[in-house]
Amino acid sequence: MPDTLTTNSPIIAAYRAATPGSAAASEKASRLFPSGVTHDTRYIEPYGLYITRAKGPRKWDVDGNCYVDYFGGHGALLLGHSHPKVVEAVKQQIERGTHFGASHETEILWAEWVKRLIPSAERVRFTSSGTEATMMALRLARAFTGKEKVIRFKHHFHGWHDHMTSGYASHFDGTPTVGVLPGVAGGVLLAEQNDAEGLARLLDEHKDVAAAILEPTGAHGARLPIDPQFLVALRELTRQHGVVLIFDEVVTGFRVSPGGAQAVYGIRPDLTTLAKILAGGLPGGAVTGRKDILDLLDFNITKKADREKIGHQGTFNANPLSASAGVAALEVVGTTDACDRANRYGETLRRNINEVFEEEHVPWAAYGTFSTLQIFTNPDGGAIVPTRFDPLAQPVEALVGKRHAGVVHKLRLAMMTGGVDFNGSPGGICSSTHGEAELADTLKALRTSIRMLRQEGEL
């Protein structure tokens with residue numbers, strides 16, 4: 001991609017020196033893709049990494065550099081890269097066929113694992129992605145209730161489709177983002193998470209609400225963490241008002257526990273959307289939940305009830321490759337302590353990073369839930385003790401709005417130069433394969449990065 005950085009930063013220079021192959025690949029990509037990338041979160045200046053292979057908690061770029069990976073396939077790889085059981089399942093399936101244009105037994109096994117693990121699963125409908133899953137969940141809710149509006153919570157991510165663009169990263173007044181029809185945006189009501197009183201008022205004011213959807217651990221993968229008591233209130237309020245409650249467990253499903261966040265919090269939503277870990281690192285999503293709601297996809301039941309069936313096609317719905325990978329991955333999730341291992345590593349990582357911040361006199365904090373990591377860069381310069389940091393005590397804007405953009409950017413580049421790939425939050429997602437060696441390498445890179453930032457006057 002074209003280089004817009006004119007700084008003489010030693011951090012940026014070191015990154016360039018270590019990654020000439022990625023620079024060359026990025027130059028080619030800039031002539032093919034908008035901004036040279038195929039996913040918004042992979043955009044970083046002067047260019048992102050180009051990876052050739054990955055195994056367990058690590059990946060290698062075109063220059064041969066090894067990285068501790070905290071992207072985790074955008075959250076799809078609880079079991080780490082190239083888990084042997086998943087790889088073997090896909091190898092066997094690809095020899096049998098990749099698309100039959102027909103039903104197959106593996107999709108049955110896949111759905112059985114979903115029903116076995118997810119408490120709210122009575123029926124399952126597979127899709128090709130998490131975005132498709134949330135689209136279908138909203139359509140089901142509107143058709144089932146006969147109502148039109150949807151409540152979504154500010155900063156929560158539910159895919160890139162038209163209903164879910166306003167109120168995630170911008171347009172918090174509910175106005176449509178570019179390319180979205182005003183009538184579509186007008187059908188979405190924005191609410192604040194952790195505000196039960198505000199939600200109650202919204203439901204009292206609007207009698208035509210079909211559904212409420214949220215990430216059950218909080219916005220941005222828990223960068224804005226949820227108060228579990230709010231989930232209790234949310235479930236009760238939606239039940240009282242006849243509103244379909246949708247847990248978007250695309251990130252949390254099979255990660256925070258084998259049964260997702262709903263199993264941990266003991267709250268049963270009406271519908272659940274799934275993806276990522278669901279398909280073992282391959283493309284795939286699903287809507288699951290109450291039978292009476294998913295019956296709107298059933299030919300015979302809708303005909304007998306004289307109701308219009310919701311149409312749902314999809315070339316790659318329950319694709320055999322994805323189904324094979326999904327069955328293998330969910331079997332591991334359901335029969336081992338993979339979730340617990342990832343959660344324990346996440347807790348250890350956060351604790352150790354905060355100790356580094358205190359030792360290096362950096363007024364930042366690591367926090368998160370389960371196997372996620374978020375780094376609070378303290379944009380307002382408040383007095384905090386990293387090891388005693390409480391994100392729920394911070395204003396929303398400090399956690400998900402304001403950011404030291406330049407500092408975060410250089411931190412990521414410095415960490416990559418040191419062999420660690422954080423995401424843009426900054427932070428990351430841990431796998432069940434991360435261990436002591438990855439922890440040691442992460443902390444070493446972090447100390448070095450902090451000192452490099454300090455030398456550049458960024459701290």
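This is a predicted model: local features need pLDDT of at least 70, side-chain atom pairs count only at pLDDT 80 or more; totals for chains, interfaces and linings use all residues.
Helices, H or I runs of at least four residues, and strands, E runs of at least two, are DSSP runs numbered from the N terminus.

The protein chain has 18 helices and 15 strands. Its radius of gyration is 22 Å, close to the 23 Å that the globule rule gives for 459 residues, so the chain is as compact as a globular protein of that length. Along the principal axes, the C-alpha atoms fill a box of roughly 70 × 55 × 45 Å.

Of the 459 residues, 54% are buried. The accessible surface comes to about 19900 Å², and carbon and sulfur atoms account for 53% of that. If we take contacts between residues at least 6 apart in sequence, 71% of them join residues at least 24 apart. As for charge, there are 48 positive and 51 negative charges in the protein chain, and their mean positions are 3 Å apart.

Helix α15 covers residues 338-359, which is 22 residues. From first C-alpha to last, α15 reaches 32 Å, close to the 32 Å expected at 1.5 Å a residue. After α15 comes His361, with a positive phi near 60°.

Within helix α15 sits Ala342. Is Ala342 buried or exposed? Ala342 has a relative accessible area of 0%, and buried means under 20%, so Ala342 is buried. Leaving aside residues up to four places away in sequence, Ala342 touches Leu78, Ser371, Cys430, Ser431 and Ser432. Ala365 is 23 residues from Ala342 along the chain, and their C-alpha atoms are separated by 20 Å.

Back to the prolines. The peptide bond joining Glu45 and Pro46 is cis, with omega about 5°. A cis bond also runs from Ser425 to Pro426, where omega is near 0°. Pro426 is in the loop between β14 (420-421) and β15 (427-429).

Last, some backbone angles to check. His74 is not a glycine, yet its phi is positive, about 55°. His74 lies in helix α3, residues 72-75, and is partly exposed, with a relative accessible area of 24%. His171 also has a positive phi of about 55° without being a glycine. Where is His171 found? His171 is in the loop between β5 (149-153) and α7 (182-185). With a relative accessible area of 30%, His171 is partly exposed.

Methods. Residues are numbered from 1 along each chain as its sequence is written. Side-chain values use heavy atoms; hydrogens and water are left out. The radius of gyration is taken over C-alpha atoms; the globule rule is 2.2 Å times the number of residues to the power 0.38. Buried means under 20% relative accessible area, exposed over 50%, partly exposed in between (1.4 Å probe, protein chains only). Contact means heavy atoms within 4.5 Å. Accessible areas come from the Shrake-Rupley method with a 1.4 Å probe; for residues, only the protein chains shown count as cover. Lys and Arg count as positive and Asp and Glu as negative; His and the chain ends are not counted. The place of a charge is taken as NZ of Lys, CZ of Arg, CG of Asp or CD of Glu. The expected span of a helix is 1.5 Å times one less than its number of residues.
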